[in-house]
Amino acid sequence: MGFTMAITNHGLVGDLRLQQMISQELKLLITDARNLRNTPFLDFVGSINGMGSDTIRVRKAGLDGYDSFSAFTGATEADAVSETSLTDGHADIVVKRQALMYAISDLASMTGMGSDIDPFRIAESIGKSYELLFAELTGAAVAGFTASVTNAGALTIDDFIQAFQTLELAASGKGAPGPYVALLHPEQWQDLQNDIRAEQNNALAFAPASFEAISAKGPGYKGTYLGVDIYTSSHVTQSGGNHVGALWAPGAIGFATGKPAALVGAAESMDMGDVLIEMERDASKALTSVVGHCYLGMGIIDADRGVKLISIDN
């Protein structure tokens with residue numbers, strides 16, 4: 001016996017059934033906001049608040065053992081000593097306004113399930129994007145080091161050691177004081193891992209990150225090689241078909257910040273650490289704009305303390 005009038009799900013879609021039912025839980029897309037902000041490898045050089053300029057000049061001087069004595073003996077023991085010129089210099093860190101804005105309609109907010117997407121959830125997201133910005137600026141800054149080690153192919157142990165030795169011989173053999181850190185693109189790290197696995201020399205053993213170390217140093221931390229802390233970031237600069245990672249020592253990179261004391265005239269604002277959030281209404285369109293501002297600058301303060309690690313982008 002045939003059932004030509006059977007009730008099917010397909011037949012009910014559009015009137016009594018939904019084509020799709022969205023989940024209650026909102027899954028987050030993969031992000032990469034890991035950075036080295038809270039490590040000794042990025043120097044905070046100050047805030048521009050009340051300083052009269054958007055630029056902080058980092059002063060540098062050759063003191064505490066930079067210059068040596070002149071010897072006088074025999075016939076020269078009574079000669080006058082010549083004055084020594086003080087070696088000095090500076091590096092400028094320019095703080096710039098950084099901004100991120102979303103706009104959401106009232107209808108989009110009111111049809112939300114719980115607090116999945118609404119102005120306050122968006123404001124929280126903007127606050128967390130500061131970490132992403134920090135990672136991007138770090139990748140851009142280290143790509144400006146003068147010294148470099150370049151491989152037309154995949155990154156190898158030899159490249160890593162050469163970069164390490166470049167720092168040890170920096171400033172005409174004086175050497176950049178450690179400890180050192182490496183920031184690599186995940187592909188560079190993968191290539192280095194492959195070469196480490198093939199290495200037979202136990203003296204060059206790699207110490208992988210433990211759970212405790214990752215908890216302390218952040219999710220980008222991969223371990224230690226030659227005493228160098230290795231971090232990865234997808235925001236390592238890509239240029240000319242290459243990844244531009246780096247090794248550096250404390251004192252190489254500096255950053256400066258700023259933050260308005262108050263947002264005069266803002267209808268509603270929220271303080272989210274280094275980011276200030278404002279809500280702005282366009283009543284004629286029933287839209288709420290969520291705007292986040294922060295003030296941040298980063299740059300090289302001592303090029304002798306860093307070296308680029310350049311390898312192919314496959």
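Let me begin with two residues, F164 and Y180, both of which are buried, and let me say at once that what we are looking at is a predicted model.

The rings of F164 and Y180 form an aromatic pair of the edge-to-face kind, with 5.4 Å from centre to centre and 75 degrees between the planes. F164 belongs to helix α4, whereas Y180 sits in the loop between α5 (170–173) and β6, so this pair ties together parts that are 16 residues apart in sequence.

Staying with helix α4 for a moment, its buried residues are I157, D159, F160, I161, A163, F164 and L167. The helix covers residues 157–168, and at 1.5 Å a residue its 12 residues should span 16 Å, which agrees with the 16 Å that separates its end C-alpha atoms.

In soluble globular proteins, nonpolar side chains tend to be buried together. In this model the largest nonpolar core has 32 residues, and those with the most contacts inside it are L36, W248 and I253. At least two residues of this core come from each of α3 (119–142), β6 (181–184), β11 (242–248), β12 (253–258), β14 (275–282) and β15 (287–300), and the largest share, 8 residues, is supplied by α3.

Which other aromatic contacts might we look at? The count comes to 9 aromatic pairs, and the pair of F164 and Y180 is edge-to-face, as I described. The pair formed by W189 and F206, by contrast, is tilted, with 5.4 Å from centre to centre and 50 degrees between the planes. W189 lies in helix α6 (residues 186–198) and F206 in strand β7 (residues 206–208), so the pair ties together parts that are 17 residues apart in sequence. Is W189 buried or exposed? Its relative accessibility is 8%, and W189 therefore counts as buried, while F206, with a relative accessible area of 22%, is partly exposed.

Ring pairs also link F44, Y130, F134 and F255 into a cluster. One member of that cluster, F134, has R37 lying over its face, at 5.5 Å from the ring centre. A further arrangement of this kind involves K174, which lies over the face of Y66 at 5.3 Å from the ring centre.

Note on methods
Residues are numbered from 1 along each chain as its sequence is written. This is a predicted model: local features need pLDDT of at least 70, side-chain atom pairs count only at pLDDT 80 or more; totals for chains, interfaces and linings use all residues. Side-chain values use heavy atoms; hydrogens and water are left out. A nonpolar core is a set of buried Ala, Val, Leu, Ile, Met, Phe, Trp, Tyr and Cys residues joined through side-chain atoms within 4.5 Å. Buried means under 20% relative accessible area, exposed over 50%, partly exposed in between (1.4 Å probe, protein chains only). Helices (H or I, at least four residues) and strands (E, at least two) are DSSP runs, numbered from the N terminus. The expected span of a helix is 1.5 Å times one less than its number of residues. Rings of Phe, Tyr and Trp (its six-membered ring) pair if their centres lie within 6.5 Å; planes under 30 degrees apart count as stacked, over 60 as edge-to-face and the rest as tilted. A charge sits over a ring if NZ of Lys or CZ of Arg is within 6 Å of the ring centre and within 35 degrees of the ring normal.
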